[in-house]
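Have the sequence and the 3D view at hand while reading.

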Amino acid sequence: MLSIELDKETEAYLVEILGREKTTSDELIKRLVKDRWLSLQPRQTIVERLGGHPEHLLEDAPPDLSDRANRKKAIETYLQKRHPEYHPQ
């Protein structure tokens, strides 16, 4: 259990917040503590937010796929297989 003494000004703020948000002081404190705790955690990378690296993304890829020309050709081949109506310009 938590017991704190608030000065008059802070107590007035608390009463106003509780009235506007229609919540209890317990719920408000829990939410504030969690928000603060989350703000102290290291930020996730975009890959972590999306669930991690795909497992089988490049397992069959040729080793020289990092070259732009090879990537472009691989994408073109993929699109032609997937969409026969596709004709690059």
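Glu27 and Lys30 are three residues apart in helix α2, so about one helical turn separates them. Their side chains meet in a salt bridge, at 3.7 Å from N to O. Lys30 counts as exposed, because its relative accessibility is 53% and the exposed class begins over 50%. Glu27, at 41%, counts as partly exposed. The model is a predicted one, and the values below are to be read with that in mind.

How many salt bridges does the count come to? The count comes to three.

| Pair | N to O distance |
|---|---|
| Glu27 and Lys30 | 3.7 Å |
| Arg20 and Glu16 | 2.9 Å |
| Glu21 and Arg31 | 2.1 Å |

Arg20 and Glu16 belong to helix α1, where they are four residues apart and therefore separated by about one helical turn. The side chains of Arg20 and Glu16 meet at 2.9 Å. Arg20 has 66% relative accessibility and so counts as exposed. Glu16 has 42% and so counts as partly exposed.

The salt bridge between Glu21 and Arg31 has its closest N and O atoms 2.1 Å apart. This pair links distant parts of the chain, with Glu21 in helix α1 and Arg31 in helix α2, ten residues apart. Which accessibility class do Glu21 and Arg31 fall into? Glu21 has a relative accessible area of 44% and is partly exposed. Arg31 has 36% relative accessibility and also counts as partly exposed.

Next comes the packing of the two helices. Two packed helices are described by the angle between their axes and the distance between the axes. For α1 and α2, the angle is about 95° and the axes are 10 Å apart. That makes α1 roughly perpendicular to α2, because angles of 65 to 115 degrees are put in that class. Which residues of α1 and α2 meet? On the side of α1 they are Leu14, Ile17, Leu18 and Glu21, and on the side of α2 they are Ser25, Leu28 and Arg31. Glu21 and Arg31, listed among these contacts, are also the partners in the salt bridge with the 2.1 Å distance.

Between the two helices there is a loop. Helix α1 covers residues 8–21, and Lys22 lies in the loop between α1 and α2. Phi of Lys22 is near 50°, which is a positive value in a residue other than glycine. Is Lys22 buried or exposed? Lys22 counts as exposed, because its relative accessibility is 74%.

Helix α2, residues 25–40, also holds Ile29. Ile29 has a relative accessible area of 32% and is therefore partly exposed. Together with Leu2, Ile4, Leu6 and Val33, Ile29 forms a nonpolar patch on the surface. The accessible area of these residues together is about 450 Å².

With 35% relative accessibility, Arg71 counts as partly exposed. Leaving aside neighbours within four places in sequence, Arg71 is in contact with Leu65 and Ser66. Arg71 and Ala61 are ten residues apart in sequence, and their C-alpha atoms are 9.9 Å apart in space.

Note on methods:
Residues numbered from 1 in each chain as written. Predicted model: local features only at pLDDT ≥ 70, side-chain atom pairs only at ≥ 80, totals over all residues. Heavy atoms only, no water. Patch = residues over 30% accessible without salt bridge, like charges linked within 9 Å, V, L, I, M, F, W, Y side chains within 5 Å. Areas by Shrake-Rupley, 256 points an atom, 1.4 Å probe, with all protein chains shown as cover. Salt bridge = Lys/Arg side-chain N within 4 Å of Asp/Glu carboxyl O. Buried < 20%, exposed > 50% of the residue type's maximum accessible area, 1.4 Å probe, protein only. Axes fitted to C-alpha atoms, helices over the stretch in contact; angles between N-to-C directions. Parallel < 35°, antiparallel > 145°, perpendicular 65-115°, else oblique. Contact = heavy atoms within 4.5 Å.
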